[in-house]
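Subject: Structure handover

Hi,

Here is the structure I promised to pass on. Please have a look at it first; my notes follow below.

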2 protein chains.
Amino acid sequence: MEREGFDFQIDRIISIVRDSDAKLVGLQFPEGFKRRSPGIAARVEEETGTSVIISGNPCFGACDLDVALLDRVDIMFHFGHAQLDDNTLSGKVYFIETRSSAAISEVVENAISELRGQKIGLITTVQHVHKLEDACRILEADGKECVIGTGDSKIAYPGQVLGCNFSAARSEECDEYLYIGSGEFHPLGVSLSTGKRVLVADPFVNEIREVDPSRILKQRSVVIAKSLDVNVFGIVVSSKPGQERLELAGRLKDIALKHGKQAHILSMDLVTPDQLLQFKVDAFVNTACPRLAIDEVGRFHAPMLTPQEFEIVLGEREWDNPVFDEITGE
Amino acid sequence: MEREGFDFQIDRIISIVRDSDAKLVGLQFPEGFKRRSPGIAARVEEETGTSVIISGNPCFGACDLDVALLDRVDIMFHFGHAQLDDNTLSGKVYFIETRSSAAISEVVENAISELRGQKIGLITTVQHVHKLEDACRILEADGKECVIGTGDSKIAYPGQVLGCNFSAARSEECDEYLYIGSGEFHPLGVSLSTGKRVLVADPFVNEIREVDPSRILKQRSVVIAKSLDVNVFGIVVSSKPGQERLELAGRLKDIALKHGKQAHILSMDLVTPDQLLQFKVDAFVNTACPRLAIDEVGRFHAPMLTPQEFEIVLGEREWDNPVFDEITGE
């Protein structure tokens, strides 16, 4: 945790709670931060005299706001994610972005020799977004050009990508990308969404690596191939506020019917392989969190297609360039 | 399925949908019935021209109404459970109780020789509740007396028990109980809640057996013993409409604080051992579905107490007769 230096902004939270007349405070953490919740809750209660309720639900993004908890508390702090355009569900929610204080200059300097292009697109998650200008200066000092795209309305900061939105990467022309951060999925998404080379510079372990999308592309081909002759589809919709794409699901169902297929819309909060076991369909189509189809490939009892792959299966879209599923904004 | 003869009332559902001006219909099934959902959805769509959305969420009772789905559809059918007093959340919900047509006379006749008492309390789930009068006549023809308790406001029919409410068993004096139905938990709950002998007559497999609560009682002693010296408690609250006991959780937290313990309230939709792994506490207290602490004993990474056991641990209640946790009504 030391090296990562995440800022939970406890003093700011205490001051916001004190300035409010809140009596009941909600705290929501993504999975990786949940172990910090008892300590933070105890501190907030001690210093403000309020009562805290911690959200125990799985949380994988700002899309995943705990609306049941929000209904019950006077004020809620959501950790680890920046606000999305469409989840200002309430003035009661504060997004604590848990920015990292980890130094990035060393790993960015180390990355320079691995870069092949001249014009570099800089991307990262919200944890390092305040370091992109520094990274830019380092690259420019070495004679590179540097662009930081602004992204669509789902994106709070220039250069920021989500697991389901790579618009900031696409919004500026460049030769290749340098992703600053840890994790596999975000840079992979940029690679698949842009078709360009992506280099990862991980400041936590001081490591440079190139993203290789070939394994995922093969997996997607298998999923598509397995779904070509099936008849009954389950179209999965999430009820989470930032993931709900019921309209898309309805459109996909209409296409299925037009092609003489059966399709059933399944509405769920958390989508898991276990839970889908109950539904005897030949293939699933995922309109919930786009990561599901990719990250949990092979764990569902039937092929799990993205919406775009479903269109390929039904012959409504060419099977040439893969299109990575995203939840985009304005 | 043949022998069980569950009535899904498809014709009634179609007629209700036709008589409404619903365009979007929701269907919610408990786990055991979910595999029937695609067939029933297809039939409803075909005959009414509406669109159906199936709830994919886990569902273990009428307490578990899918409120997110309810928000989106014009009308919703909830299968497998009778209405609870407090979940008339909306005039849009119809409870399809899936009564069983299985004959009960043979198994009840077979049970007579195993009964020891004179005055027999008859209990069952909603699936067989319409057969209790028949069962009564069979017992009376053999010279037994027979009582069918009415239960509190959570209970829709005389003699009906839920996994979290045995008030119908307690409401009439009797020597012992005859439970008609399958499953382990309901008759076990009656045994623990009343302290009396419970005989199970299972009409699906034509089997008679006596409930033995001793294993569960031993398990509960172990859970209590393991929690006696711990300092940090996680008090679990469910956000499900029929399970939410936030007030109880708040009271338990106050008691913990009074005894110099730390306690954190964790609010969740579905409570699972996996999800609670994220929270590093010494013991949990469960105010959600009372079955959790019993059915999933040993699967949580820390002891999971019932509210009553928590009071025992803190010395606020005598450790003599175990009190089975229930969610009771008026």
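In this predicted model, 37 residues of chain B are in contact with 37 residues of chain A. Contact means heavy atoms within 4.5 Å. About 3,000 Å² is buried between the two chains, and carbon and sulfur atoms give 53% of that. Buried area is the accessible area (1.4 Å probe) that two parts lose on being put together, summed over both. On the chain B side, B:R72, B:S267 and B:F279 lose the most area to chain A, together 19% of what that side buries.

Before you go on, some ground rules. Residues are numbered from 1 along each chain as its sequence is written, chains are lettered from A and ligands numbered from 1 in the order in which they are written, and side-chain values use heavy atoms, with hydrogens and water left out. Because the model is predicted, local features need pLDDT of at least 70 and side-chain atom pairs count only at pLDDT 80 or more, while totals for chains, interfaces and linings use all residues.

Back to the interface. Four salt bridges link chain B and chain A (a side-chain nitrogen of Lys or Arg within 4 Å of a carboxyl oxygen of Asp or Glu). One joins A:K253 to B:E45, with the closest N and O atoms 2.3 Å apart.

Which element gives the largest share of the side of chain B that touches chain A? β11(B) does, with six residues. That side divides into 16 nonpolar, 11 polar and 10 charged residues. Here Ala, Val, Leu, Ile, Met, Phe, Trp, Tyr, Cys and Pro count as nonpolar, Asp, Glu, Lys and Arg as charged, and the others, Gly among them, as polar.

Strands (E, at least two residues) and helices (H or I, at least four) are DSSP runs, numbered from the N terminus. Two strands pair if DSSP finds at least two bridges between them.

Now chain B itself. Five strands form an open sheet in the order β6-β5-β7-β8-β9, with mixed pairing. The edge strands are β6 (145-147) and β9 (207-210). β8 (198-202) and β9 of chain B are antiparallel, over four bridges. B:V200 stands opposite B:R209 there.

Best wishes
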